[in-house]
Amino acid sequence: MKRNSLFISLVLALALFALLPLAAVQADGHCEFADYTIRLGGLAPMSAPGAVAGGVAMDWAFKQAAADINADCGVSIDGVNYMIEVITGDSEGSPERGQAVAERLILEDEVDGMVGVYHSAVGLATMAVMEANGIPTIFSEPWNDNVSANGIMEFDGRAPRFEDGIDHIFRISPTSSMVGSVVTDWLIELGVEDVLLIVENTDYGQPAADDEQARLEAGGVSVTQLDIELGTEDFVPILSRVQAGEPPDAIRIVVTGETSFNLTQQMTELGIAPTEDTICVTNQIAFQSEQYWATVPDGNYCAFNRVGIIPSLFNDTAIELNEKYEAAFGDIVPSFGMATYDAVWMMKDAMERAGSYSDAAAIVDAIEASDITLSQGHYYFSYGGHNPDLPEGTPAYMWHQWPDPIVTVMQYFEQGQSALDAAVIYPPVYQTHGTSYIAPGTSP
Amino acid sequence: MVIEDTLFVLWLMVAGPLWAAVGMFVLPQVNHGKEEADQLPLTTLRVAGVIGGFALGPLGVGLFYFEPHLIRRTTLTVGVIVTVFASSQVLARVIDPNLPSAMWLLLAGPLWAALAAYFIPRHYRQLEADDRNVLTAAALGGFAIGPLIFGLMWKTTPRVNRDWMIVLGSLGAWQIYTIFAIQNATNPCVAAPYHVTYLTQQTANGIVIGSIYSLMAVGLTLIYSVQGIVSFAHGQLYMVGGYFSFYFLLHGANIWKDLTGQEIVINPLWGIPVAAVIVFLIGAAFERVFLKPMHEGLIERVSEYAILITFGFGFFVEYTTLAIAGPFPQRTDRFIEIRRFTLQRTQITDDFAFGPIHLIGDRAFAMVVGIVLIFALLYFLQRTWTGRALRATSQDRQAAAVTGINPTNMNTLSFGMGSMLAAMSGAALIPIFAWVPWVGAEMVGRSYVIVVLGGLGSVPGALVGGIIVGIVEALGAGCHPDPSRGAAYKEAFALVIFALVLLLKPTGLFGREQH
């Protein structure tokens with residue numbers, strides 16, 4: 001008797017299991033998909049020494065974008081709906097590894113486009129692979145100016161990286177110069193006289209610091225730079241050295257990941273900054289307020305640069321995306337998560353307008369002509385093959401570069417405060433609390 | 001000015017050695033027949049002549065002639081250190097940093113070190129004298145006192161004991177300090193009047209973090225001493241120890257509330273024994289399943305197997321943790337609510353003040369935890385039957401087995417305890433650092449340096465090695481002429497020490513020679 005019951009249960013379970021795909025079809029019944037699935041390669045650092053936390057957020061954004069697009073009947077080309085899939089490749093934050101993974105995605109997985117990339121070093125290294133194979137690419141996080149600058153002309157006295165120019169690479173993250181200019185303008189307007197830059201020794205950190213240093217010095221600010229290696233945990237000897245000298249007016253941390261958290265926390269523990277004398281300006285990752293307060297419990301009154309749309313300006317897409325991210329990770333969606341999500345949608349949009357998922361030239365033309373509003377705002381490209389002549393004085397990095405990423409300076413002013421409630425203090429047009437700096441111990 | 005300074009340096013270079021030579025040969029002769037002097041060995045008289053002549057010229061030789069009772073090892077040691085320190089301070093204050101004389105000092109040290117390291121050990125071997133530590137002593141001595149080391153070690157071939165090493169090492173350190181002071185007069189490590197405070201601060205920083213380094217390295221060395229293998233999973237066990245503490249604190253309070261209805265806040269200190277027990281069991285189980293066959297002769301290529309299996313175990317632990325805990329950094333509450341201890345500034349004289357010295361509260365607490373645990377381990381190893389059995393097994397497995405000790409159990413115990421020590425250091429540091437699944441990578445590299453520096457298999461060596469590495473890193477980062485490079489190369493300073501130890505004393509500071 002028992003055996004019969006078990007057998008019937010098993011048969012029923014198998015039957016239910018077999019019916020599941022039918023149920024799924026029923027759920028997506030309003031869409032009919034072609035057999036072919038459009039594949040995009042997604043490069044993200046999924047293991048150390050890369051910024052794994054960033055990679056995991058990007059990987060989530062790849063999959064969420066693909067799921068949302070497929071729920072919306074996928075990529076529609078000439079009346080045929082294609083499902084889209086993003087295959088994540090682990091760059092490990094390493095240029096060599098990034099190149100190898102990009103090649104594998106292109107040659108073995110035969111992807112139709114590439115999206116993602118977190119580290120500038122990986123972006124710079126993989127550009128050649130995508131370019132050589134004619135793969136339309138939208139980078140969503142590398143900041144190094146040269147990612148978009150080297151493609152068209154001599155930049156900063158250096159010859160172009162590729163003789164034939166870069167046709168296939170686009171970027172929707174800001175450049176280091178864009179980010180640096182906001183922070184430095186803010187510090188100059190505050191009237192600081194000397195700044196200590198603590199900088200990670202990477203392809204992101206060094207150019208960004210050079211740019212910020214040049215801008216600050218042009219504004220009459222004295223700058224000292226300290227380089228550190230990513231992955232360092234103990235900064236106390238270095239910070240003791242800082243403490244032994246005259247306190248600078250501001251300490252600017254150009255360091256990413258948990259290294260940034262360790263550095264900021266140890267700085268606060270030693271009482272170096274934020275203080276009445278010294279402003280603390282940490283990295284954009286401080287926007288991840290759950291992570292920030294978990295690892296920098298003394299970090300109240302630290303300012304940080306925020307890349308991407310500010311919470312008060314979130315549109316419906318951004319709000320919806322943030323809710324999904326919070327449900328998955330319990331924290332606010334980071335800017336690179338939003339940009340990565342948008343990059344997949346931009347690729348879908350371009351393929352639809354190009355009328356092809358495989359005609360790289362047509363897709364590139366379509367991306368150049370993008371005119372779409374997604375979670376981070378309205379996307380378009382001012383300069384590219386359709387408009388190759390940059391006016392005098394326009395930086396070379398504006399080629400295939402989204403010109404309008406929002407960069408702000410934000411500041412926490414309450415212990416454990418959510419980034420959604422933190423004050424936007426610069427530029428004035430985005431200020432939320434009517435002040436450009438909240439002194440430690442005060443409220444706006 | 002340039003000419004005067006050059007003459008001064010030349011005087012130091014020529015007159016000091018000249019009077020040292022005079023003292024070395026003359027002092028024993030003129031002392032002959034004196035009752036007190038006759039009680040002193042000839043070697044001691046020669047050394048006294050060298051030091052007295054070099055330090056004070058004819059005055060030094062005369063002093064020892066008229067007051068031979070002053071010729072004692074302590075006097076001579078102090079004399080050498082004071083002389084070199086005084087000379088270096090004079091040099092540092094007088095010489096322009098750009099003068100060639102400073103460069104001469106910079107180059108002469110390594111040159112004499114190389115010459116001494118090459119010739120003196122050969123000479124010892126030719127004489128069939130005891131040549132233990134001679135290479136190290138010759139190199140250190142050549143670096144510190146240049147050609148004088150030949151006078152000290154060539155003619156008399158003294159047995160080089162620990163006192164020698166300490167004296168010569170101190171001299172070498174002073175030499176480096178001198179060159180530093182000349183080349184980088186504004187460096188916070190040498191610039192008066194705050195350099196004493198600054199050096200104390202950095203040394204304290206090094207000791208604090210070094211104590212935790214030691215705890216982790218002790219585990220590694222314990223495994224090596226008993227099993228003869230290096231655990232490549234040590235960093236991951238350190239990491240997972242931190243996570244066990246984190247999750248215990250996270251869920252422990254909730255479970256307690258469910259059981260008793262009372263809300264409590266659990267101090268991270270309690271996470272340490274929890275992590276210790278769990279990781280001990282994990283380590284012991286791993287040893288039983290994967291390493292035991294190695295000791296039973298079931299594995300053909302033991303060395304390769306040990307590397308691969310522990311490496312693979314490390315990968316498994318790291319990526320399993322990543323899958324469970326995620327990549328986002330975590331941290332527990334503080335051990336203590338005191339953010340930092342500050343020794344306030346004290347005015348000693350009109351020109352000199354000491355302080356302030358800052359120590360971060362949680363780090364100081366973790367240091368105390370680390371030191372207590374290491375001494376508890378030493379007590380266990382020295383005073384308990386099981387600890388003695390472990391040591392016996394590490395010395396001679398077969399002999400230990402004959403006396404009734406089960407080497408198989410000792411293997412399991414050593415791996416479990418080694419893993420446990422790694423986990424305890426992780427649990428001690430999770431309130432201090434942002435914790436991620438790959439946090440052990442940096443720490444384990446440093447542990448290898450420490451165990452080699454202290455001597456593979458030596459627990460006291462790991463303790464001292466950890467503190468040395470901590471201090472070297474702190475002073476390297478804090479004193480490097482270029483602050484930026486000092487910060488960037490912080491981890492590399494320990495590797496320099498590592499390379500020097502491998503070169504000069506391959507057995508490490510406390511290591512046993514393999515026969």
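Predicted model: local features only at pLDDT ≥ 70, side-chain atom pairs only at ≥ 80, totals over all residues.
Residues are numbered from 1 along each chain as its sequence is written, while chains are lettered from A and ligands numbered from 1 in the order in which they are written.

**Exercise 1. Get to know chain B**

Task: find how many helices and strands chain B has, and what percentage of its residues count as buried.

Solution: 
- Start with the elements: chain B has 21 helices and four strands. Helices (H or I, at least four residues) and strands (E, at least two) are DSSP runs, numbered from the N terminus.
- Then turn to burial. A residue is buried if 20 or more other C-beta atoms lie within 10 Å of its own, exposed if 12 or fewer, and partly exposed in between, with C-beta atoms placed from the backbone. By this rule, 48% of the 515 residues of chain B are buried.
- Finally, look at contacts. Two residues are in contact if their C-beta atoms, placed from the backbone, lie within 7 Å. Take the contacts in chain B between residues at least 6 apart in sequence: 75% of them join residues at least 24 apart.

**Exercise 2. Where chain B touches chain A**

Task: work out which elements of chain B give two or more residues to the side that touches chain A.

Solution: 
- Begin with the totals: 32 residues of chain B are in contact with 29 residues of chain A.
- Next, list the elements of chain B that give two or more residues to this side: α10 (195-227), β4 (357-360), α18 (440-454), α19 (459-479) and α20 (483-488). The largest share, five residues, comes from α10(B).
- Last, sort the residues of this side by class: 18 are nonpolar, eight polar and six charged. Here Ala, Val, Leu, Ile, Met, Phe, Trp, Tyr, Cys and Pro count as nonpolar, Asp, Glu, Lys and Arg as charged, and the others, Gly among them, as polar.

**Exercise 3. The two faces of a helix**

Task: in helix α4 (residues 58-66) of chain B, find which residues are buried and which exposed residues sit on the face turned away from them.

Solution: 
- The buried residues are G60(B), V61(B) and F64(B).
- Looking down the axis of α4(B), you find these buried residues within an arc of 100°, so they line one face of the helix. The arc is that of the directions from the helix axis to the C-beta atoms.
- A handy rule to remember: an α-helix has 3.6 residues a turn, so residues three or four places apart point the same way.
- The face turned away from the buried side of α4(B) carries the exposed residues L59(B) and F66(B).

**Exercise 4. A helix pair in chain B**

Task: describe how α18(B) and helix α21 (residues 490-504) of chain B cross, and which residues meet.

Solution: 
- The two axes come within 10 Å and cross at roughly 35°. Axes are lines fitted to C-alpha atoms, for helices over the stretch in contact, and angles run from 0 to 180 degrees between N-to-C directions.
- The crossing of α18(B) and α21(B) is left-handed. A crossing is left-handed if the near helix is turned anticlockwise from the far one by less than a right angle, and right-handed if clockwise.
- From α18(B), R446(B), V449(B), V452(B) and L453(B) meet A494(B), L495(B), I497(B), F498(B), V501(B) and L502(B) of α21(B).
- By class, this contact has nine nonpolar, no polar and one charged residues.
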